[in-house]
Amino acid sequence: MVTYGRCVDEVFKALADPTRRALLDELFRQDGQTLNALEQRFTITRFGVMKHLKQLEGAGLVVTRRHGREKLHFLNPVPIRLVHDRWVSKYSEPWVAALSEIKQRLETPMEKIYEIYVRTTPELLWHAITDPEIRRKYNFGAAPETDWTPGTHYLMSAPGAPGPLAEGDVLEVDPPRRLVHTMTALWDPDVTAEGASRVTWEIEQVADSCRLVVTHDQLREGANDQLFGGWPMILSGLKTWLETGQLLTTPGSLMYAG
């Protein structure tokens, strides 16, 4: 069973070790590295690097993906966002400032894969992702206008926005497991100029919870971080809504709520 308290404990335990923080810094410098590449950056043994990576994976701070015969390691800032939004912000300002600094360092243009565990069913999680009224509760007040039929076009809109915020095409729909669509940002000329990218939502049931992985790819190297910098807040809001029924009120979380 995955619980929020356990998540907090594992994140703090993972960040307490200087070698694990150094591994995060190395992935911050270059995301998507193999074990061999990471091993060359440290004086400890290969087994030692593997052990630290395993603990970072256990805390959700590192996500792995297979590419052919290689296993790549990616940073995942969502646990930091959750700890910040749902626990540390209740306490003293120095704690908030310190964790915010770590969170900001992890939310970088190299971040393209995001993982989160939500205590819910695949069906309820799928509904929260695809239903426009629920989506507005955690997606900056915005929601896609679509029937989620493959091949159809959608617009992302919000009552408080002067116009559409994004658009794209629905590519794959396999409820309640997998959803793939393109995305072109429209809220600012600089991000619109980046063109279309792709977003993949993958849901896997784990005991009484769900593992949700969001992959935002087909991004230009060095792309404007506005395109994907909001994912930690969106996913934190999604988890908060499904598990507590409450809305996040962190700055920007309801930016276009009207």
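The model under study is predicted.

**Exercise 1.** State how many helices and strands the protein has, and what share of its residues counts as buried.

*Solution.* Step 1: the protein contains ten helices and nine strands. Step 2: 48% of its 258 residues count as buried.

**Exercise 2.** Determine how helix 2 is oriented relative to helix 4, and identify the residues in contact.

*Solution.* Step 1: helix 2 (residues 18–29) packs against helix 4 (residues 46–58) at an angle of about 80°, and their axes are 10 Å apart. Step 2: angles of 65 to 115 degrees count as roughly perpendicular, so helix 2 is roughly perpendicular to helix 4. Step 3: helix 2 contributes Thr19, Arg20, Leu23 and Leu24 to the contact, while helix 4 contributes Val49, His52, Leu53, Gln55 and Leu56. Step 4: these residues divide into five nonpolar, three polar and one charged.

**Exercise 3.** Describe the largest nonpolar core and the surroundings of Trp201.

*Solution.* Step 1: the largest nonpolar core has 41 residues, and Trp201 is among those with the most contacts inside it, as are Ile129, Leu212 and Trp231. Step 2: helix 10 (residues 231–244) gives the most to this core, namely five residues. Step 3: leaving aside residues up to four places away in sequence, Trp201 touches residues including Ile129, Arg135, His181, Leu212 and Leu235. Step 4: a second, separate core of 19 residues includes Leu38, Val49, Leu61 and Ile80.

Methods: Residues are numbered from 1 along each chain as its sequence is written. This is a predicted model: local features need pLDDT of at least 70, side-chain atom pairs count only at pLDDT 80 or more; totals for chains, interfaces and linings use all residues. Side-chain values use heavy atoms; hydrogens and water are left out. Axes are lines fitted to C-alpha atoms, for helices over the stretch in contact, and angles run from 0 to 180 degrees between N-to-C directions. Helices (H or I, at least four residues) and strands (E, at least two) are DSSP runs, numbered from the N terminus. Angles under 35 degrees count as roughly parallel, over 145 as roughly antiparallel, 65 to 115 as roughly perpendicular and the rest as oblique. Contact means heavy atoms within 4.5 Å. Ala, Val, Leu, Ile, Met, Phe, Trp, Tyr, Cys and Pro count as nonpolar, Asp, Glu, Lys and Arg as charged, and the others, Gly among them, as polar. Buried means under 20% relative accessible area, exposed over 50%, partly exposed in between (1.4 Å probe, protein chains only). A nonpolar core is a set of buried Ala, Val, Leu, Ile, Met, Phe, Trp, Tyr and Cys residues joined through side-chain atoms within 4.5 Å.
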